[in-house]
Amino acid sequence: MKRIFPLIILLVLLTNITGVQAQDKPTITLTLAAYTTPREVYTEVIPLFQAYWLQETGQRVEFQESYLGSGAQSRAVAGGFEADVVALSLERDVTRLVDAGLITHDWRDNAYNGMVSTSLAVLVVRPGNPKEITDWGDLTRGGIEVITPDPATSGGAQWNVLAAYGAVQRGNVDGYSADAEGAYTFLVDWLSNVAVLDPAARDSVITYSRGIGDVLITYENEYFAGIAAGDEYDIVYPSSTILIENPVAVVDTYADDHGVREVAEAFVEFLYTDQAQAVFADKGYRPPVLHADDETATTTESDGGSQWEEGALDPERFPMVDDIFTVAYFGGWDQIGSDFFGDDGIYTHAIAEAQ
Amino acid sequence: MPGVAHGKRAIVNASRPRLDLSGWGLRGTAILYLLVMIALPVFVVFSSGLQAGLSEFWDNINHPQAVSALRVTLITATIMTVINVVMGTLTAYVLVTYRFPGKNLLDVLIDLPFAIPTLVTGIMLVLLYGPQTALAGFLQEKFDMRVLYARPGIVLALLFICYPFVIRAVQPVLVQLDQRQPEAAYTLGASGWYTFRRIVFPAIRPAMLTGGMLGFARALGEFGAIVIVAGNIPLRTQTAPVYIYGKVEAGDMAAASAVSVVLLAVALVVTLSVDWMQRANQHG
């Protein structure tokens, strides 16, 4: 306690001083509700935005940040957690807020369809790739143990199922016919090699880092996060995989209630700038511009794009994959929900048959 | 700490002082507290589970994954309870009967599982039985037995969590046990085992059952440790609480509530039978 007191006094003094400086424009508070994995990104992006906003408007923005699993976060906001901006792992969790009447504007109305970061479903293997895993087809070999999160508890985990299923259906996995039947057979064979279904994507990485399993199916950004944390793995890009897209949106109802619409919109826009995207890229997220289907899409200019050139978009860091598809290939999340993960869904049958 | 609470309750009941100064106010407060804190939430789960009608309720709990999850939970909890009753009684007996160095420390250690977050319990077991550890390698090689991400791992986690229940239920009864009886049996030529079986065991049997059942009820709902050690493969190692969590995450509250109702019903039956046994014991 003794040590804390001087700190508190210092803080009080500091706030007083700054309060005097920005007297004409009171500090405003923005509440960000995000999913867990981009926490490292936002802790770096938020100070950048605060500086930018102070410079532009002379106004201080304070952030209240909440990090929770995407589905849980979305339900919390729908249930009355008054966040001004949501950053979630998949579109369906934003759709829930649209359905709840909290997001009323067309949040997909920008060059990247409202997707602030992207990633790929990839395979992570032990250093040196001792089991010689090169593509999806190797996951069904006898004696290979696969780690993947549980699609029932982790919305994000559904990407992995869709990635593998789509790769087979699109004819990119040897030994399985390029149709729904072949893809289903692959799913069953693969799921019977799954050793642990962790409740969330990060838990899977932790399980794998404890030495369990031969292959981990995860997102490219999780691989980079693991490497940054000092873990040792190799990454294997399958020849065909799904593009993971993470949405961000202003929650109209709450932003208007709190009178922070202007700054909330500015924050979301800021996330697409080179400055912010460089942080995303540094933490392992592919900037959406890499995979934008709109030819005219470019990153918005804020600082001349110089950081961009220096490594963030290094093609060696984010190699291209022969065949990349999106959830649109499966008809969107609504369709996926009933086709794959419903009571009569493809995955539901496959996991039962795999046992 | 239900185990400890039980032990004290038996003592308090025996010599309950009849204080009437408080009248209805105190009683009303206690009953209201019970209603608001326990009865109301339980009622909400029941009503939400049965909301869509009995046939949907039945479909929800009859789903193959739900059936399997309930079965895994009940089987592992039962195995744990059997081990816990035998080993817990033995431990309590040793603690009460013998003197040895470090006994006090051991006595304190027993309650630790109550204070450790069960998530941490799970991680400890992973560190202990994880695939790289010597212990796991030994078990795998010698017995072809996999502890982690299999049912033995679940039982181990539950044993850790429920460790204190039987000990803390049996211990006070053993302490109160009239020492003259076993001593008399002993002097009359009965063997130690015979004395235990005919004199000590009948006296502590209700406490053994009570402790075991409380542990069993506690085990039914365990989530934090299991989600880490079980592997959570549907139809294989997924337990009912993990299944419920999945249904909650998927937004399927009807299915989540339905399986919860089953767990609640089992826990209720267990609790009622514990109560019934205590009464039977007091009157008999």
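Helices (H or I, at least four residues) and strands (E, at least two) are taken as DSSP runs and numbered from the N terminus. By this assignment chain B holds 14 helices and zero strands, and its elements follow the order α-α-α-α-α-α-α-α-α-α-α-α-α-α from the N terminus on. The structure is a predicted model, in which local features need pLDDT of at least 70, side-chain atom pairs count only at pLDDT 80 or more, and totals for chains, interfaces and linings use all residues. Residues are numbered from 1 along each chain as its sequence is written, while chains are lettered from A and ligands numbered from 1 in the order in which they are written.

The confidence of the prediction is described by pLDDT, the predictor's confidence in each residue, from 0 to 100. Chain B has a mean pLDDT of 86, and 91% of its residues reach 70 or more. Over residues 1-12 of chain B, pLDDT stays under 50. For the complex, the predictor gives an ipTM of 0.71 and a pTM of 0.79.

The C-alpha trace of chain B spans about 65 × 65 × 30 Å along its principal axes. A residue is termed buried if 20 or more other C-beta atoms lie within 10 Å of its own, exposed if 12 or fewer, and partly exposed in between, with C-beta atoms placed from the backbone. Of the 284 residues of chain B, 34% count as buried. Two residues are in contact if their C-beta atoms, placed from the backbone, lie within 7 Å.

The contact between the chains takes 17 residues from chain B and 16 residues from chain A. On the side of chain B that touches chain A, helix α13 (residues 240-249) gives the most, with three residues. This side comprises ten nonpolar, five polar and two charged residues, where Ala, Val, Leu, Ile, Met, Phe, Trp, Tyr, Cys and Pro count as nonpolar, Asp, Glu, Lys and Arg as charged, and the others, Gly among them, as polar.

Chain A is divided into domain 1 (4-117 + 245-312) and domain 2 (118-244 + 320-353), with bounds from an automatic or database domain assignment. Their contact takes 22 residues from domain 1 of chain A and 17 residues from domain 2 of chain A. On the side of domain 1 that touches domain 2, α4(A) gives the most, with four residues. By class, that side has five nonpolar, eleven polar and six charged residues.

A nonpolar core is a set of buried Ala, Val, Leu, Ile, Met, Phe, Trp, Tyr and Cys residues joined through C-beta atoms within 7 Å. In soluble globular proteins, nonpolar side chains tend to be buried together. The largest nonpolar core has 108 residues, of which A:Ala164, B:Leu158 and B:Val229 touch the most other members. Helix α9 (residues 151-176) of chain B gives the most to this core, with 15 residues. Beyond four places in sequence, A:Ala164 touches A:Trp136, A:Phe186, A:Leu187 and A:Trp190. A second, separate core of 45 residues includes A:Trp53, A:Ala83, A:Val251 and A:Val260.

A:Val260 lies in the loop between α9 (252-257) and α10 (261-270) of chain A. This residue is buried because 21 other C-beta atoms lie within 10 Å. Leaving aside neighbours within four places in sequence, A:Val260 is in contact with A:Ile28, A:Leu30, A:Asp84 and A:Ala255.
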